[in-house]
Amino acid sequence: MSMFVLICSIVTMAEDINFLTNRFRWEKLPTATLMKMGNDFMNIKNMPDSGLLCYSIIANRYNENLKSEELQQCIRATSYVGYINYDYFQNTEVAYKYLLKSKELAE
């Protein structure tokens, strides 16, 4: 039984390292590229964790000085973060927070 726990711990650590590697690399990508990647992860590959990462990076880029198209993508990504948290992870508290935030930004 302890060997099983050890293997599960190693797999989890490897997933965490891969996630962080992707995050640091993807944060340097343009917003439009991340939006396309997020859409592909969600609609084609059915990988909500990766889609959530893409959309979260975009949502965190929001500021009032963005150009119109990028601003719209940030607002859209913020609502996608809420949708994914609700639909895939059943985290209603986080989903509500992001959906409310996207509504406020859109107004």
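What follows is a short chat about this predicted model.

Me: Before we start, what should I know about the numbers?
Reply: It's a predicted model, so local features need pLDDT of at least 70 and side-chain atom pairs count only at pLDDT 80 or more, while totals for chains, interfaces and linings use all residues. Residues are numbered from 1 along each chain as its sequence is written, and side-chain values use heavy atoms, with hydrogens and water left out.

Me: How many helices and strands does the protein have?
Reply: There are 5 helices and 0 strands, and the order from the N terminus is α-α-α-α-α. Helices here are DSSP runs of H or I with at least four residues, and strands are runs of E with at least two, numbered from the N terminus.

Me: What share of the residues is buried?
Reply: Of the 107 residues, 33% are buried. Buried means under 20% relative accessible area, exposed over 50%, and partly exposed in between (1.4 Å probe, protein chains only).

Me: Switching to packing: at what angle do H3 and H4 cross?
Reply: The axes of H3 (residues 48–59) and H4 (residues 68–87) cross at roughly 145 degrees and come within 8 Å. Those axes are lines fitted to C-alpha atoms over the stretch in contact, with angles running from 0 to 180 degrees between N-to-C directions.

Me: Which residues make the contact?
Reply: Among them are Leu52, Tyr55 and Ile58 of H3, and Ala77, Val81 and Ile84 of H4. Contact means heavy atoms within 4.5 Å.

Me: And are they nonpolar, polar or charged?
Reply: The contact of H3 with H4 has 10 nonpolar, 5 polar and no charged residues. Ala, Val, Leu, Ile, Met, Phe, Trp, Tyr, Cys and Pro count as nonpolar, Asp, Glu, Lys and Arg as charged, and the others, Gly among them, as polar.

Me: Now charges. How many salt bridges are there in the whole structure?
Reply: The search finds 3. A salt bridge is a side-chain nitrogen of Lys or Arg within 4 Å of a carboxyl oxygen of Asp or Glu.

Me: Where do Lys36 and Asp40 lie?
Reply: Both are in helix H2 (residues 31–43), 4 residues apart, about one turn of the helix.
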